[in-house]
Amino acid sequence: MESTKKVAFYTLGCKLNFSETSTIARSFREEGFSRVDFSEAADIYVINTCSVTDNADKRFKTIVKQAQKANENAFVIAVGCYAQLKPEELAAVDGVDLVLGATEKFKITNYLNDLSKNDFGEIHSCEIQEADFYVGSYSFGDRTRAFLKVQDGCDYKCTYCTIPLARGISRSDTLENVLQNAKTISDKGIKEIVLTGVNIGDYGKGEFGNKKHEHTFLDLVKALDEVEGIERLRISSIEPNLLKNETIDFVSRSNTFVPHFHIPLQSGSNTILKAMRRRYMRELYVDRVEKIKATMPDACIGVDVIVGFPGETNEQFIETYNFLNDLDISYLHVFTYSERDNTVAAEMADPVPAKVRKKRSKMLRGLSAKKRRAFYESQIGNSGTVLFEGENKEGYIHGFTENYVKVKTPWNPALVNTLQEIRLDRIDEDGLVRFEWIEEPAALAV
């Protein structure tokens with residue numbers, strides 16, 4: 001009798017990729033494969049690629065080598081954004097057997113009839129215009145939280161971004177399907193769901209495979225709030241122009257949505273925002289932050305920002321720095337601009353020298369640490385609920401409050417995936433927050 005074939009997965013990039021890897025993994029399970037860790041010997045290795053950062057491109061070769069080290073005869077498949085944008089480049093990497101583009105990745109098991117190694121990677125990719133159908137997915141990153149994909153693709157034309165080329169037009173899952181997936185997740189005992197997509201504020205577009213909306217993002221949020229069994233819902237990232245007052249007001253009153261928003265800014269200079277073809281000016285961004293803080297004073301607000309965009313002068317960078325410094329936000333995700341083929345920005349004049357980009361990035365990372373610290377300090381003395389995670393980190397268990405304060409306490413496996421009432425007490429030397437129990441958990445009384 002033939003032994004069960006094994007498959008291993010490696011995911012680069014965003015939460016959306018993680019949710020899609022999980023869906024692809026389930027399709028392998030249905031074909032009788034067993035999933036093993038990427039460091040173990042497997043018959044097939046699937047690498048879900050990303051095109052957003054330079055680093056992700058470079059890491060691909062290293063990951064292929066890692067797979068070959070575990071089993072030199074294994075069949076290696078590349079899927080994801082980079083596989084759609086540059087299939088020939090990935091197919092040419094030594095050891096890669098199959099490259100699947102945006103429409104093919106969810107049909108991956110159809111390509112498994114012949115697992116003999118190829119001399120050169122075989123490519124099945126489409127013109128991105130064909131990526132007009134929606135495949136729902138969700139992932140269990142760990143036992144405590146799941147990423148639920150509600151939307152894919154993007155109709156925006158930001159000058160630095162390849163995502164529309166890699167993922168196609170904006171399209172959404174049906175509301176019925178999202179609710180069904182949310183129910184499936186909550187039935188597994190997972191306490192928190194993070195909503196993901198490429199541009200989730202655009203939810204509703206393409207529910208019928210065209211531009212027609214039946215539902216809006218607000219409809220989605222309201223409907224999810226009613227799903228029984230979900231303790232927490234988190235909105236992963238939403239464009240400032242799509243984050244409406246009604247949504248902010250609803251989250252502030254919601255049973256399950258937590259007071260945590262991640263809102264891409266990209267630059268604090270209106271000149272740069274125009275060059276990026278963003279759909280708002282900095283004034284709108286200030287308005288969104290002030291609205292959130294007026295309704296939820298303890299809300300956590302994260303910001304994406306890009307440094308070193310072509311033409312960004314020192315004055316414009318300082319304008320961004322001061323803008324963020326004055327804004328009541330909690331942390332930054334800093335991206336150093338890198339040129340991308342087939343984007344308008346790659347052809348722009350006055351590229352910023354790499355050394356300058358690096359220096360600006362370092363300055364904003366320092367500002368982020370300062371902002372996070374100030375946010376944590378503002379929360380000391382407050383009580384809240386922590387969801388504990390499943391990993392023993394040097395004798396401690398970590399968790400997050402609803403408003404994304406990271407806490408730690410000595411490891412106890414009985415706390416994993418539980419929600420506990422706590423009062424934030426002090427910031428530890430590693431920057432995480434220590435707390436007191438409001439009521440000591442039964443798990444600790446043993």
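These notebook entries record what I looked up in a predicted model of a protein chain.

**Entry 1: the whole chain.** I began with the secondary structure and noted 13 helices and 20 strands in the protein chain. I then looked up burial: of the 446 residues in the chain, 54% are buried. Of the contacts between residues at least 6 apart in sequence, 72% join residues at least 24 apart.

**Entry 2: threonine 409.** I located threonine 409 in strand 18, which covers residues 406-410. Is threonine 409 buried or exposed? I noted a relative accessible area of 11% for threonine 409. Threonine 409 therefore counts as buried, since the cut-off is under 20%. I next listed its contacts, leaving aside neighbours within four places in sequence: Phe388, Gly395, Tyr396, Ile397, Leu415, Phe435 and Trp437.

**Entry 3: helix 6 and helix 7.** Two packed helices are described by the angle between their axes and the distance between the axes. I looked up both values for helix 6 (residues 175-187) and helix 7 (residues 217-224): the angle is about 35 degrees, and the axes lie 10 Å apart. The crossing of helix 6 past helix 7 is right-handed. Which residues make the contact? From helix 6 I recorded Leu175, Val178, Leu179 and Ala182, and from helix 7 Leu220, Ala223 and Leu224. Sorting this contact by class, I found seven nonpolar residues, with no polar and no charged ones.

Note on methods:
Residues are numbered from 1 along each chain as its sequence is written. This is a predicted model: local features need pLDDT of at least 70, side-chain atom pairs count only at pLDDT 80 or more; totals for chains, interfaces and linings use all residues. Side-chain values use heavy atoms; hydrogens and water are left out. Helices (H or I, at least four residues) and strands (E, at least two) are DSSP runs, numbered from the N terminus. Buried means under 20% relative accessible area, exposed over 50%, partly exposed in between (1.4 Å probe, protein chains only). Contact means heavy atoms within 4.5 Å. Axes are lines fitted to C-alpha atoms, for helices over the stretch in contact, and angles run from 0 to 180 degrees between N-to-C directions. A crossing is left-handed if the near helix is turned anticlockwise from the far one by less than a right angle, and right-handed if clockwise. Ala, Val, Leu, Ile, Met, Phe, Trp, Tyr, Cys and Pro count as nonpolar, Asp, Glu, Lys and Arg as charged, and the others, Gly among them, as polar.
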